[in-house]
Amino acid sequence: MALRRVFVDHVDDREAHAEGPTAHHLARVVRLREGEEVELSDGRRLFRAHVAQADSLRVEFVIDQELAAISSGPEVTLQIAVFQFSRFEWAVEKATELGVSRIVPVAAARSESHLIKAAPKRLERWRRIAEQAAQQSRRLAAPTIEQMVPFEAVPDEGEGTRLILHPDGYPLGSVLRSSLEQPIQLLAGPEGGWTADEVSAAIREGYRHADMGPLILRCETAVIAALAAIGQALNR
């Protein structure tokens, strides 16, 4: 049986520890116990360790062995319009499991105004969801989840492939079979889709217009289907 994977705040030659909310989660929710063996990651390296002490303020580990670390694969950024929070959070969890490197929430024209207003207060919750999903899926680190940006400020990441999901584009499969340069950016819209102005603006910035097929998909379904297809195309 695979050991539980745990993210920690600090690792030195022989010891590691977690504090604050991470320690509280490990001690009170995960219920780590003294002597229990785990895998530890500091976001760069991976170790086999055992618990030396666990309470809600601090969990301490003794390092037993450094392990070979496997990366999540090529860098994929998900730029995702804000939509109904319960489903948005499901998309964050599944995108993490599928290996995205960064998640950028976007305030789109058709994102509901009360969700845009409330989104900044949800950021830490989204980061916790991503961290727990990353540990469950045995990633080396959780994806970075950035502050929400307006559509007009969706960052220009330079080189790579940029895709915007929207009907009436080229089929995603054919886009992925063509030249696919890394890193990848995937821009996924809100309920009701992107406006014509948003699509035109994205295409001017070098995004390729990708269509998910004839069926109307919920936002989170389109995101997960597209990420899975991208992962296959990149031989993840």
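Glu 146 counts as partly exposed, at 26% relative accessibility, where partly exposed lies between buried, under 20% relative accessible area, and exposed, over 50%, with a 1.4 Å probe and protein chains only. The side chain of Glu 146 meets that of Arg 102 in a salt bridge, 2.8 Å from N to O, and by salt bridge I mean a side-chain nitrogen of Lys or Arg within 4 Å of a carboxyl oxygen of Asp or Glu. This pair links distant parts of the chain, 44 residues apart, with Arg 102 in strand 8 (residues 102-107) and Glu 146 in the loop between strand 9 (144-145) and strand 10 (149-150). Arg 102, for its part, counts as buried, at 13% relative accessibility.

Before I go on, a word on the source: this is a predicted model, in which local features need pLDDT of at least 70 and side-chain atom pairs count only at pLDDT 80 or more, while totals for chains, interfaces and linings use all residues. Residues are numbered from 1 along each chain as its sequence is written, and side-chain values use heavy atoms, with hydrogens and water left out.

How many salt bridges are there by this rule? The count comes to 15. In general, side chains of opposite charge can pair when their charged atoms come close.

Another of these pairs is Glu 89 with Arg 122, whose closest N and O atoms are 2.7 Å apart. Glu 89 counts as buried at 7% relative accessibility, whereas Arg 122 is partly exposed, with a relative accessible area of 26%.

Let me turn to Arg 58, which is found in strand 6 (residues 58-67) and is partly exposed, with a relative accessible area of 27%. Which residues does Arg 58 touch, not counting those up to four places away in sequence? They are His 17, Ala 18, Glu 19, Ala 23 and Gln 53, where a contact means heavy atoms within 4.5 Å. The C-alpha atoms of Arg 58 and Glu 19 are separated by 4.5 Å, although the two residues are 39 apart along the chain.

Finally, the chain as a whole. Its secondary structure comes to 6 helices and 13 strands, taken as DSSP runs numbered from the N terminus, with helices being H or I of at least four residues and strands E of at least two. The radius of gyration is 19 Å, close to the 18 Å that the globule rule gives for 236 residues, so the chain is as compact as a globular protein of that length; the radius is taken over C-alpha atoms, and the rule is 2.2 Å times the number of residues to the power 0.38. Along its principal axes the C-alpha trace spans about 55 × 40 × 30 Å. Of the 236 residues, 45% count as buried, and residues 24 or more positions apart account for 72% of the contacts with a separation of 6 or more.
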